[in-house]
Amino acid sequence: MAGRKNPSMSPTADAGEPPSSTKMEAAVRKWIEGIVVKSPAAGSMDPWNGELFDAIPLTSLHLTFTGGGRALCSYRVHASVADEEGNWHLGAIATVMDDIGAAAIMSAVGEIKISVDFSISFFSRAKIGDEVEIEAKIVEDKGKLTAVVIEARLKKTGQLVAIGRQWMSFTPAFHRSKM
């Protein structure tokens, strides 16, 4: 794939070799788990560190599988991502879906891409304490642009909470950031 890769996020050991799926899976896991560790629930004293806004919404996320353009995780809705009625906040849902979509893409192409078009349809509510299963799959890869679909379902009943449709792109400016 054309374009620069962020050396700290790239799973390849040598820029001339294509990334192996094992290395990409490890890079995805390291990236997602690194965000989760920065959350206050994980005991971090400085979850934001001036760089990460996803730390709190990703608290309680458990990455189950990543590879081949797919990412699967379980997530328990907690009070810090709920609205005043105890429902999983729509903005927190969007943050989680965005990051899991990026993880699915990274598992296939070896790079973190950023959202350029993102839409979510909401179908039902998840409440504090509910366990949700989130799955993201690549549906189209056009090099710099990759499309992914993300579904969030209540684990207990399989009821659909939300579907996200997202196009993500490689942008060199993002790869120069401190991520």
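The following legends describe close-up views of a predicted model.

View 1. Six strands make up an open, antiparallel sheet, ordered β1-β2-β4-β5-β6-β3. β1 (61–67) and β3 (114–122) stand at the edges with a single partner strand each, so one side of each has no neighbour in the sheet. On average, neighbouring strands are turned by 15° against each other, direction ignored.

**View 2. Pairing of β5 with β6.** Strand β5 (residues 145–154) pairs with strand β6 (residues 160–169) in the antiparallel sense, over nine bridges. Threonine 146 has methionine 168 in β6 as its bridge partner.

**View 3. Helix α2 on the sheet.** Helix α2 (residues 90–109) lies across β1, β2 (70–76), β3, β4 (131–141), β5 and β6. The helix runs at about 50° to β6.

**View 4. The aromatic pair.** One aromatic pair is found in a search of the whole structure. The ring centres of tyrosine 75 and tryptophan 88 are 5.0 Å apart and the planes are at 20°, so the pair is stacked. Tyrosine 75 belongs to strand β2 and tryptophan 88 to the loop between β2 and α2, so the pair ties together parts 13 residues apart in sequence. Tyrosine 75 counts as buried, at 1% relative accessibility; tryptophan 88 also counts as buried, at 3%.

View 5. The protein chain has a mean pLDDT of 79, with 72% of its residues at 70 or more. Residues 1–18 have pLDDT below 50, and this stretch has 35 contacts in the model beyond near neighbours in sequence. Residues 174–179 stay under 50, with 17 contacts beyond four places in sequence.

Note on methods. Residues are numbered from 1 along each chain as its sequence is written. This is a predicted model: local features need pLDDT of at least 70, side-chain atom pairs count only at pLDDT 80 or more; totals for chains, interfaces and linings use all residues. Side-chain values use heavy atoms; hydrogens and water are left out. Two strands pair if DSSP finds at least two bridges between them. Helices (H or I, at least four residues) and strands (E, at least two) are DSSP runs, numbered from the N terminus. Axes are lines fitted to C-alpha atoms, for helices over the stretch in contact, and angles run from 0 to 180 degrees between N-to-C directions. Contact means heavy atoms within 4.5 Å. pLDDT is the predictor's confidence in each residue, from 0 to 100. Rings of Phe, Tyr and Trp (its six-membered ring) pair if their centres lie within 6.5 Å; planes under 30 degrees apart count as stacked, over 60 as edge-to-face and the rest as tilted. Buried means under 20% relative accessible area, exposed over 50%, partly exposed in between (1.4 Å probe, protein chains only).
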